[in-house]
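This report describes a predicted model. The sequence and structure are shown below.

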Amino acid sequence: MDGFVIERAEKEELDTLYKIERECFPENTFPKPFLKYLIIQPNSVFLKAKINGIIIGFIVGVIQIPYNIGRIYSLDVKPELRRRGIATRLLQALETEFKLRGVTFTMLEVDVENTAALNLYQKFGYKTQKLLKNYYGKNRNGIKMTKNLVQYSTDKT
Ligand SMILES: CC(C)(COP(=O)(O)OP(=O)(O)OC[C@H]1O[C@@H](n2cnc3c(N)ncnc32)[C@H](O)[C@@H]1OP(=O)(O)O)[C@@H](O)C(=O)NCCC(=O)NCCS
């Protein structure tokens, strides 16, 4: 989809970002203070997608210094705007910024039932590392996925 831009998120946008987080994760929502912390702390990469000035999604990851590991915490696209390549662009932009800042390895956790996210990450070269039993609550397992950023290109040509 054309017409959207990816920009750094600002702390003044916290309310909107939190609203999207609640929409995308009605359970296991990241608390607002945690999102605020992620916006302001210097090792974070917090990017938003915008159309006509309206925020429609975001991605946030943290660089774990000194290990050069980038951990992806959240990737959210408003439900009515999904399947238009917005998450793809957000993830590409995050990986680009990670690489520019010396990250060589990324990791994330995803719900085993989250087919959309699993497909997306697999497309980007993320590999299943291990099963995280009850990670999202009782009988809600997660998967830890990792990617070596120096081996894969994010080009989708
Ligand atoms: C997962 C999510 C971020 C994907 O956002 P999106 O903007 O719709 O993703 P894209 O349009 O860039 O899709 C890229 C690829 O992901 C996969 N994908 C996305 N949505 C999918 C779905 N509903 N079912 C199956 N595969 C899907 C496909 O492989 C897709 O490529 P294709 O459209 O060429 O087939 C979005 O569904 C979302 O916000 N979900 C709720 C929050 C969440 O689960 N975040 C991830 C947490 S780890």
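Against which elements do the buried residues of helix 2 pack?

## Packing of helix 2

The buried residues of helix 2 pack against helix 1 (14–24), and also against strand 2 (44–51), strand 3 (54–64) and strand 4 (69–77).

Helix 2 covers residues 32–40, and its buried residues are Leu35, Leu38 and Ile39. Viewed down the helix axis, the buried residues of helix 2 lie within an arc of 100 degrees, so they line one face of the helix. An α-helix has 3.6 residues a turn, so residues three or four places apart point the same way. On the other side of helix 2, Pro33 and Ile40 are exposed.

## Strand 3 and its partners

Strand 3 is mostly covered, with nine of its 11 residues buried. Strand 3 pairs with strand 2 in the antiparallel sense, over eight bridges. In this pairing, Val45 stands opposite Gly61 of strand 3.

Strand 3 also runs antiparallel to strand 4, to which eight bridges join it. Here Ile63 is placed opposite Gly70 of strand 4.

## The two hairpins

The hairpin of strand 2 and strand 3 has two residues between the strands, and Asn52 in this hairpin adopts a positive phi near 50 degrees.

In the hairpin formed by strand 3 and strand 4, four residues lie between the strands. Asn68, in the turn of that hairpin, has a positive phi of about 60 degrees.

How values were computed
Residues are numbered from 1 along each chain as its sequence is written. This is a predicted model: local features need pLDDT of at least 70, side-chain atom pairs count only at pLDDT 80 or more; totals for chains, interfaces and linings use all residues. Side-chain values use heavy atoms; hydrogens and water are left out. Buried means under 20% relative accessible area, exposed over 50%, partly exposed in between (1.4 Å probe, protein chains only). The arc is that of the directions from the helix axis to the C-beta atoms. Contact means heavy atoms within 4.5 Å. Two strands pair if DSSP finds at least two bridges between them.
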